Amino acid sequence: MSSIPPLFHTVSREFGFSIWLKSILISIYLLELVGASAITTLGCVACTLLQIDWGRSAPLWFAGYLFVYNADRLQLDPADRLNTPLRFSWEMRLRGCRIVLVWISAGVLGAWPVLTGRFWLLFPLAVFTGLLCFYSRPIPGAGFRLKDLPYLKSLLAPAAIAIVLVPWPALESGNVPGQKEWLVFSWIFLILTINALIFDYRDIVGDRLNGIKTIPAWLGHRRTCGLLMLLSAVLVFVSVALSWLRLAGPFTPGALTLGCAILLWSLRWRARPALLSLLADGLLFLPAIGEWLR
């Protein structure tokens with residue numbers, strides 16, 4: 001009987017630690033630290049393929065992503081209650097952390113161009129990040145959100161991010177984007193579009209109820225799966241082309257093929273929204289894994 005209290009305390013400590021660790025991991029994900037890391041990693045891979053220095057751009061990618069997404073989510077979106085109940089239930093708990101991240105990332109966005117001697121970047125960065133902050137919140141005086149753009153909502157973020165990750169560093173390095181650069185741009189855009197469509201697929205029910213017109217909300221579950229299969233096949237084809245041209249390593253097409261297969265399988269078996277979100281973001285890391293194996 002004397003061994004029961006120590007055992008009870010041990011189990012309690014382990015249980016408390018597991019809850020604390022789970023809370024930390026959820027916070028890291030919901031504060032978009034994983035998303036910012038994924039986008040930055042994807043940009044580094046794109047620049048590596050094109051033999052461009054990514055060091056000057058990576059801090060801006062990371063800080064810009066954190067600033068835009070956390071500033072946007074300071075205002076609750078009614079659709080999140082149904083689409084992402086976990087994020088909705090944690091919004092007030094994480095609000096203070098979001099505000100801190102917004103100020104820190106804004107500081108990086110303001111300081112990094114100055115430190116690297118690119119003062120001219122301050123104005124376009126302010127305009128670009130400021131505009132994207134109205135993705136889920138109404139533009140003052142207009143009562144209109146960027147995500148209210150019919151069907152373009154599913155392509156807006158992938159296009160904007162792909163432009164920032166490929167043509168922008170190419171131009172800054174003194175290279176006019178040519179066939180090689182646009183091929184890598186198309187590759188990055190495909191990866192980001194599949195990622196975005198997976199999230200919109202997850203949110204079909206809530207988006208339809210709230211009148212948000214996304215491509216998956218228009219196509220429905222079955223036809224969206226067909227579209228994702230087509231885009232996955234095109235992505236694998238472009239990955240093989242990049243490998244054949246010796247821009248990407250031989251393992252990159254295989255890594256993306258496996259990632260797309262797992263995503264499509266998760267749609268078929270109706271994975272939980274949280275797992276689907278993790279798998280969609282995991283796709284963004286696969287090019288880096290393929291290049292690391294190289």
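The exercises below concern a predicted model of one protein chain.

In this predicted model, local features need pLDDT of at least 70 and side-chain atom pairs count only at pLDDT 80 or more, while totals for chains, interfaces and linings use all residues. Residues are numbered from 1 along each chain as its sequence is written, and side-chain values use heavy atoms, with hydrogens and water left out.

**Exercise 1.** State how many helices and strands the chain has, and decide how its radius of gyration compares with the globule rule.

Solution. 
1. Helices (H or I, at least four residues) and strands (E, at least two) are DSSP runs, numbered from the N terminus.
2. The chain has 14 helices and zero strands.
3. The radius of gyration is taken over C-alpha atoms, and the globule rule is 2.2 Å times the number of residues to the power 0.38.
4. For 294 residues the rule gives 19 Å; the chain has 21 Å, which is close, so it is as compact as a globular protein of that length.

**Exercise 2.** Find what share of the residues is buried, and what share of the contacts between residues at least 6 apart joins residues at least 24 apart.

Solution. 
1. Buried means under 20% relative accessible area, exposed over 50%, and partly exposed in between (1.4 Å probe, protein chains only).
2. Of the 294 residues, 47% are buried.
3. A contact means heavy atoms within 4.5 Å.
4. Among contacts between residues at least 6 apart in sequence, 72% join residues at least 24 apart.

**Exercise 3.** Is Glu91 buried or exposed, and which side chain does it meet in a polar contact?

Solution. 
1. Glu91 lies in helix H5, residues 85-115.
2. At 5% relative accessibility, Glu91 is buried.
3. Its side chain makes a polar contact of 3.2 Å with the side chain of Arg98.
4. Not counting residues up to four places away in sequence, Glu91 touches Arg73, Leu76 and Arg98.

Key: A polar contact is a pair of N or O atoms within 3.5 Å; within protein, one must be able to donate a hydrogen and the other to accept it, and residues adjacent in sequence count only if both atoms are side-chain atoms.
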